[in-house]
Amino acid sequence: MNWSRRRLLQAGLALPAVISAQARASAHGRVVIVGGGFAGATAARYLRRWAPALDITLVLGRRPYWTCPFSNLALVGGYRLAQLQVSRAALAAEDINLISAQAERFDPEKRKLWLDDGRMLEWDRLILAPGVELMPDAIEGHDWAATGQFPHAWQAGPQTALLSARLHAVPDDGLVIISVPEAPYRCPPGPYERASLMAWWLARHRPGARVVVLDANANFTKDSLFLQDWRQRYGDRLQWLGRGDSGALRRVDSRRGSIHTDFDDWQPDLACVIPPQRAAAIARQADLDAGTGWCPVDPRTFASRVHPGVHVLGDAAIASPMPKSAFAAASQARVCAAAISAAFAGLDAPQAVLMNTCYSLLTPERGISITGTYRATADAIEALPGTTGISPAAMADDVLAAEARHARGWYQRARAEAFGD
Amino acid sequence: MRLLAVGLAVLLAVASVTATATPSQIEVLAAACNGCHGKQGAGSGAIPPLRGGSELATQLRAWREQTAAPEGSGHLMMRVARALTDAEIAGLTAHYAVDRDDAEAEASK
């Protein structure tokens, strides 16, 4: 078939959609999005594509944004921190209004959002994609001031640089502890990828040092693959202690630099303490989290169960069995953008297809993955039979290398899709 | 002949409007594919491009039925393919065939 005939056929098939497009073009809608991470930025760009007449505002916050994906690799020199920082120039070029201020509160009835600089924004739909709030204060003896002593690096940026510097200062016979909070938290495999990459770096530069993972959970994602790899590569130089092995952190002492569980006292050279988490403050306004710390949503549209004119995406939302990952957040953002564009056009939302893949690096050049594909119903997100699973246990080395290359390919793509950067 | 040209121009304009309208089921699904495989399935680093046509349909069906495995990967697509119905495989195959032509037409300008 030649090009013009295909075009004619395509255009002919698309005629009914043209009418709805015109109807939509006359309907002026205002969408305000809070959060300039993977969820918020992806939502903004897909709304611009699928509902071009919308007035779209993206509230970015006041700090620069560094991607959490690949920030573990930055700890060991595989990426420079500056490479993780994203530019928002492409978003501005697509006629998305960018605001560098902090969202403070909203009124779901009056449909208004207030910012910390005194400005007020009116909206027809509000999308909240603010990510997580870390709660160091929830750990006895810990607080924000002590995150300099016990870096979390769970929001990438200066903390990533700090943790990397502290790793490089670990002595040759040093002890590094990574403490993992009880789930749910952002990036379920993140602590274990971090342990892998830190152990990899230490084995080369501080061969007498060891890593202990203190875990408040009894098991973890891809645990069979991680544990097998750790045994083979590091033996007892990388040890995992789960909840049943007194792994749950009870207390820290920032003056002594010590770490305490129910039965053990540790005196590490470096302790990376990942604090418990909940949805960021703006997503807990107006009872949006129904008192649970995370926001219940209708998974077909990601509209809040509490205030349906407000959508919640990404880490702040309850989207189990999807994990709190950048991949899941972007997938949810596309589904939400499709639903909102359909609603402004007076159409039903298309069937929601949700996906996740979490790649994890075992070393800078070897990787594994977990994936799942889901369909949303009114009540739940359901994994489709046979779609969920992890990399095979007996993967050849070249396949582990291919997974690591695919991880980088995904990262480039997810960044380009969300930020045009 | 001129009338045909005018008609074609109108249809082309219409087609460009629909390219940015409320997405169809297949467009939402393709957006999920593009989340890894690049804009219009053009590929991203080591993640291969999606080309429409019978080869894509044959591969997706074989992976779904587990009668073949994708080369040089951790079998991730064997799990993803299980999510797809026959109608969706046909829709995606057609989608990427059209998109590929558009992308090549753009590139040759």
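Two strands count as paired if DSSP finds at least two bridges between them. Keep that in mind for what follows, and keep in mind too that this is a predicted model.

**The antiparallel sheet**

Let's start with chain A and an open sheet of three strands, ordered β4-β5-β6 (chain A), where the pairing is antiparallel. At its edges stand β4 (103–107) and β6 (120–122) of chain A; each has a single partner strand, so one side of each is left without a neighbour in the sheet. From one strand to the next, the twist averages 20°.

Zoom in on one pair: β4(A) and strand β5 (residues 112–115) of chain A run antiparallel and are joined by four bridges. Which residue of β5(A) is the bridge partner of F106(A)? That would be L113(A).

**The parallel sheet**

Chain A also has an open sheet of four strands, in the order β11-β10-β9-β15 (chain A), and here the pairing is parallel. Its edge strands, β11 (238–241) and β15 (270–273) of chain A, each pair on one side only. The twist in this sheet averages 15° from one strand to the next.

Within the sheet, strand β9 (residues 175–180) and strand β10 (residues 210–215) of chain A pair in the parallel sense over six bridges. If you want a spot to look at, find I177(A), which stands opposite V212(A) in β10(A). Then look for helix α8 (residues 190–205) of chain A: it lies across β9, β10, β11 and β15 of chain A, and runs at about 170° to β9(A).

In general, strands of a sheet pair through backbone hydrogen bonds, either parallel or antiparallel.

Most residues other than glycine have a negative phi, and most peptide bonds are trans. A few places in chain A go another way. D95(A) has a positive phi although it is not a glycine, and there are cis peptide bonds at A183(A)–P184(A) and at S320(A)–P321(A). The table puts the two cis bonds side by side.

| Cis peptide bond | Omega | Where the proline sits |
|---|---|---|
| A183(A)–P184(A) | about 5° | P184(A): loop between β9 and α8 of chain A |
| S320(A)–P321(A) | about 10° | P321(A): loop between β20 (317–318) and α10 of chain A |

As for D95(A), its phi is about 65°. You'll find D95(A) in the loop between α6 (89–93) and β3 (97–99) of chain A.

The largest share comes from α10(A), with four residues.

The mean pLDDT of chain A is 93, and 93% of its residues reach 70 or more. Residues 1–26 of chain A are another story: the pLDDT there is below 50, and this stretch has 37 contacts in the model beyond near neighbours in sequence. Where pLDDT is low, the predicted coordinates should not be read in detail.

Technical notes. Residues are numbered from 1 along each chain as its sequence is written. Chains are lettered from A and ligands numbered from 1 in the order in which they are written. This is a predicted model: local features need pLDDT of at least 70, side-chain atom pairs count only at pLDDT 80 or more; totals for chains, interfaces and linings use all residues. Side-chain values use heavy atoms; hydrogens and water are left out. Helices (H or I, at least four residues) and strands (E, at least two) are DSSP runs, numbered from the N terminus. pLDDT is the predictor's confidence in each residue, from 0 to 100. Contact means heavy atoms within 4.5 Å. Axes are lines fitted to C-alpha atoms, for helices over the stretch in contact, and angles run from 0 to 180 degrees between N-to-C directions.
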